[in-house]
Amino acid sequence: MLLLYRIYQLLIMAPLMIIVTLLAALVTVIGSALGGGRFWGYWPAHYWARIFCILTFVRVKVTGRENIDPRTSYVFVANHQGAYDIFSVYGYLNHNFRWMMKIGLLKFPVVGPACAAAGHIFVDNSSPSAIRRTMEKAERTLRDGMSLVVFPEGSRTFTGRMGAFRKGAFQLAMEFHLPVVPVTIDGAFDVMPRTSPVPRWGTIRLTIHHPIAPPVDEADRRRVIDESFAAVHSALPPRHQ
């Protein structure tokens, strides 16, 4: 069965993925350039991610959507199990958002320009002025129900277990007075862990937890980090805790 799946990936899935990626990037760039970036910066990628999951026979089950309001801006913080975290969040969170991502991703062909056109927030820590520009970009973006998704661990896990949460996302929540929503991703590690170059079929579960009030100061930020970590951790199976 696995051999047939690999043949399918090579001959059918991979060419279709390339075509869908190019089309989604092109529509995003053109649509955003013509205006309406809030729409074109999200929906093409939303369906692109769903198609990726369908083509790889990956099911995504979501619980907790009733905990969030589509008209409210949030900072979503999720654990980072693997590459399919991006597809599952993009395709199934069902809430308009932008990513906070490393500035090095701008160098990726096709994807980098599309992400820039979509209005995603690239983190540049090269200088105080660059950090200030990042914060100003975030402030302009996070309005009127537009949210932010961050992987506060910073990188994908090697083991499936969670790493410590960094403070960046929580600093933004404090600066802009935005509630923090923890999101647990379970199953993406089995579909495509960091050590695997190709995915396999499976099921990913997204658990959207109740929003946490934004931190009021630097001391309170530790509380929000700890509560967010505990919420995400609570919905993972014992082998990943």
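Trainee: What share of the contacts with a separation of 6 or more is between residues 24 or more positions apart?
Mentor: That share is 74% in the protein chain. Keep in mind that this is a predicted model.

Trainee: How many helices and strands are there?
Mentor: The protein chain has nine helices and seven strands. Its radius of gyration is 18 Å, close to the 18 Å that the globule rule gives for 241 residues, so the chain is as compact as a globular protein of that length. Along the principal axes, the C-alpha trace spans about 55 × 50 × 35 Å.

Trainee: And how much of it is buried?
Mentor: Of the 241 residues, 50% count as buried. The chain exposes about 11900 Å², and carbon and sulfur atoms supply 64% of that area.

Trainee: Switching to strands. Is S3 largely enclosed or exposed?
Mentor: Five of the six residues of S3, which covers residues 97–102, are buried, so the strand is largely enclosed by the rest of the structure.

Trainee: Which strands does S3 pair with?
Mentor: S5 (residues 147–150) is joined to S3 by three bridges, and the two run parallel. S4 (residues 121–123) is also joined to S3 by three bridges, again in parallel. In terms of residues, Phe97 stands opposite Ser147 in S5, and Lys102 stands opposite Val123 in S4.

Trainee: Now helix H7. Which of its residues are buried?
Mentor: Ala169, Phe170, Gln171, Leu172, Ala173, Met174 and Phe176. That is seven of the nine residues in H7 (residues 168–176), so to speak a mostly covered helix.

Trainee: What covers them?
Mentor: The cover includes strands S2 (75–78), S3, S5 and S6 (180–186), together with helices H6 and H9 (218–234).

Trainee: What comes after H7?
Mentor: His177 follows the helix, and its phi is positive, near 55°.

Trainee: Back to H6, then. Is Arg140 buried or exposed?
Mentor: Arg140, which sits in H6 (residues 128–141), is exposed, with a relative accessible area of 54%. The cut-off for exposed is over 50%.

Trainee: How far is Arg140 from Tyr47?
Mentor: The two are 93 residues apart in sequence and 25 Å apart in space, C-alpha to C-alpha.

Trainee: Last one, on charges. How many positive and negative ones are there?
Mentor: There are 26 positive and 16 negative charges, and their mean positions are 9 Å apart.

Definitions and conventions: Residues numbered from 1 in each chain as written. Predicted model: local features only at pLDDT ≥ 70, side-chain atom pairs only at ≥ 80, totals over all residues. Heavy atoms only, no water. Helix = DSSP H or I, 4+ residues; strand = E, 2+ residues; numbered from the N terminus. Rg over C-alpha atoms; globule rule 2.2 N^0.38 Å. Buried < 20%, exposed > 50% of the residue type's maximum accessible area, 1.4 Å probe, protein only. Contact = heavy atoms within 4.5 Å. Areas by Shrake-Rupley, 256 points an atom, 1.4 Å probe, with all protein chains shown as cover. Lys, Arg positive; Asp, Glu negative; His and termini not counted. Charge placed at Lys NZ, Arg CZ, Asp CG, Glu CD. Pairing = 2+ DSSP bridges.
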